[in-house]
Amino acid sequence: MTDQMHRIALASRPTGAPTPDNFSFEAADMPTPGDGEILVKVHYMSLDPYMRGRMDDAKSYAQPVPIGGTMEGGAVGEVVASNSDAFQPGDFAFGMFGWASHAVIPANQCRKLDPAHGPITAALGVLGMPGFTGWHGLMEYGRPKEGETLVVAAATGPVGSMVGQLAKSLGLRVVGIAGGADKCQMATDTFGFDACLDHRAYDDASALRAALKEACPKGIDIYFENVGGKVLEAIIPLMNPFGRIPICGMIAWYNAGGLGANAGDEKDNLPKLWRTVLVNFLSVNGFIISNHWDRYPAFLAEVGPKVASGEIKFVEDIAEGLENAPQAFIGLLEGRNKGKQIVKVA
Ligand code: NDP
């Protein structure tokens, strides 16, 4: 085995959208596992929108990555050395290995992958954190009922496509919002959504709202919030009484000052928005999936067989090479990914 590994470190904090200069590709000595630890050779790593938040030095539910620190993230890889009874060399594991070719990590912080659950990349998307997020957010806070209408944006990503397909299987009308005609076609043809609107085709929230009104003739019962921005502004007035809004993410604002800042350039619609929540008796639930891992076995038991049978579909967008992770990540934030963004490392 080589005595060097590679990693991508946070070189500087971005102002606005990240640029390649914010990252540095570095060589380092190969680490050796201590007691209870394993050494993993990373095969595939996940790129996720939350990583943008880790680049800011801002108060959040998680610590920022320090300058010079390895970019954080989930990955799957092969165990090459083990000082734990839980893993043998040759096993495949999921863990927070970071943007790196290799990682040493306590064995009890990793999950052994079961080949019966499909390709190892599935552990990063459809059967990993994002798919689990879609399932939990929809079932717990969306409380879907047959005959209702659900809208979800970032519709072809791993969260949105899980939400849409589950809601469809439960008898809801499902309307997606995605960036571009190709993604809209993917939402309807691959994932079975009833309709999908291209948010880039509408200049402002009221134009998008008019199109949504046509696509949702009975109003909207569940808005699964992934993006914020113009989409949120378009949707709020269309919510039906007793509607539910699981707040999962707000990617439209991630590059504009982070959470809590006066981020977007939207008008100050807060009083109007707040009044709609009141007079339409809306339930609005923010959630962070890392607080709910106790539900993961139930998710795997329910959704795993549906993925294995092809009932739940998934699409992966695999970039080649650790050194290309920053560009792929920048692309993800701009919506250039088609499906779950993954990087092939080994
Ligand atoms: P995706 O793979 O769908 O990638 C993000 C997508 O967001 C882009 O492809 C793009 O899709 C869309 N997007 C980017 N900018 C905008 C914008 N300004 N307006 C509308 N859409 C935009 O991501 P995931 O499925 O992994 O995640 C979806 C959301 O869920 C994110 O907000 C993420 O932070 C959140 N999340 C939250 C978790 C939690 O615990 N609460 C856990 C996991 C994810 P398009 O081109 O189609 O618009």
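Glu148 and Lys145 are joined by a salt bridge in which the closest N and O atoms lie 3.8 Å apart, and both residues belong, together with Arg244, to a network of salt bridges. The structure described here is a predicted model, and a search of the whole of it finds 9 salt bridges.

**Salt bridges**

- Within the network that links Lys145, Glu148 and Arg244, Glu148 is buried, because its relative accessible area of 11% falls under the 20% limit.
- Lys145, the partner of Glu148 in the 3.8 Å pair, is partly exposed, with a relative accessible area of 45%.
- Glu72 and Arg54 meet through their side chains in a salt bridge with an N to O distance of 3.3 Å.
- This pair links distant parts of the chain, since Arg54 sits in helix H1 (50-54) while Glu72 lies in the loop between H1 and strand S4 (75-82), 18 residues apart.
- Arg54 counts as buried at 10% relative accessibility, whereas Glu72 counts as partly exposed at 29%.
- A further salt bridge brings together the side chains of Glu334 and Arg336 at 2.6 Å, N to O, and Glu334 counts as partly exposed at 41% relative accessibility.

**Helix H8**

- Helix H8 runs over residues 296-308, and its 13 residues should span 18 Å at 1.5 Å a residue, which agrees with the 17 Å that separates its end C-alpha atoms.
- A kink of about 30° lies at Glu302 in H8, shortly before the proline Pro305.
- The buried residues of H8 include Tyr296, Phe299, Leu300, Val303, Gly304 and Val307.
- An α-helix has 3.6 residues a turn, so residues three or four places apart point the same way.
- The cover over the buried residues of H8 includes strand S7 (111-112), helix H2 (129-142) and helix H3.
- Just after H8, Gly310 takes a positive phi of about 90°.

- The side chain of Ser161 reaches the backbone oxygen of Gly157 at 2.6 Å.
- Leaving aside residues up to four places away in sequence, Ser161 touches Ala155, Thr156, Phe191 and Phe193.

Terms used: Residues are numbered from 1 along each chain as its sequence is written. This is a predicted model: local features need pLDDT of at least 70, side-chain atom pairs count only at pLDDT 80 or more; totals for chains, interfaces and linings use all residues. Side-chain values use heavy atoms; hydrogens and water are left out. A polar contact is a pair of N or O atoms within 3.5 Å; within protein, one must be able to donate a hydrogen and the other to accept it, and residues adjacent in sequence count only if both atoms are side-chain atoms. Contact means heavy atoms within 4.5 Å. Helices (H or I, at least four residues) and strands (E, at least two) are DSSP runs, numbered from the N terminus. The expected span of a helix is 1.5 Å times one less than its number of residues. The bend at a residue is the angle between axes fitted to the seven residues ending there and the seven starting there. Buried means under 20% relative accessible area, exposed over 50%, partly exposed in between (1.4 Å probe, protein chains only). A salt bridge is a side-chain nitrogen of Lys or Arg within 4 Å of a carboxyl oxygen of Asp or Glu.
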